[in-house]
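Dear colleague,

Please find the structure below, together with its sequence. My notes on it follow.

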Amino acid sequence: MIEVYNDEFFMKQALIEAKKAFDKNEVPVGAVVVLKNRIIARGHNLTEQLSDVTAHAEIQAITSAAQFIGAKYLKGCTMYVTLEPCTMCAGALFWSQIDKVVYAARDNKRGAGRYETPLYHPSTLVVKGPLQAESQELLKLFFSNKRKSTI
C-alpha cells in the first residue's frame, strides 16, 4: 500500500506556503504543522508585510498550531519547513516541545544546525527532508531577483 501522507507530501504543502511568501516579496520560506496526518497550521514569512523581524514562517505556524490545539505545547506534532530553522525559530520550537522538525534546505549562514550545542528540545527529532532542490531553487530565484532589482 502506498502511503499518501508522507514527508514529501507535507513538504510540498510547505513549499506552497513558501511560494506565497515569494509572491509577497518575502524570503520564500514556508511551514506546515501536522498532527495525526492532518495539517493543523500553515505559515510563511511575513517579516516585510508586518514590519516584524520575528514573523518567520515557523513562528506563524507555531502560533497557529497552538491556537488550533488550545495549548502551548505541540506534542505529537511535526513541522515541515522549507529552510532549516534559524536560532530564533529553533528556540521557539524548543519551547513548543514539538516532536519532530523536517526541513528541506540547509541554511549554512543562519541555520540552527551550525551550532555544536543542539538548540532544539532534547526529545525533538530533527531531520533533513525531501524537496531540498525545489526549496533551494526558489530561494536562489528570489535572491537573484533582489540583486537584479537593486542594479
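The side chain of Glu-84 comes to 2.9 Å from the backbone nitrogen of Asp-107, a polar contact (a pair of N or O atoms within 3.5 Å; within protein, one must be able to donate a hydrogen and the other to accept it, and residues adjacent in sequence count only if both atoms are side-chain atoms). Glu-84 sits in the loop between strand E3 (77-83) and helix H4 (87-96); helices (H or I, at least four residues) and strands (E, at least two) are DSSP runs, numbered from the N terminus. Glu-84 counts as buried because its relative accessibility is 3% (buried means under 20% relative accessible area, exposed over 50%, partly exposed in between; 1.4 Å probe, protein chains only).

This is a predicted model, in which local features need pLDDT of at least 70 and side-chain atom pairs count only at pLDDT 80 or more, while totals for chains, interfaces and linings use all residues. Residues are numbered from 1 along each chain as its sequence is written, and side-chain values use heavy atoms, with hydrogens and water left out.

By contrast, Val-4, in the segment before helix H1 (7-23), counts as exposed because its relative accessibility is 52%.

Yours sincerely
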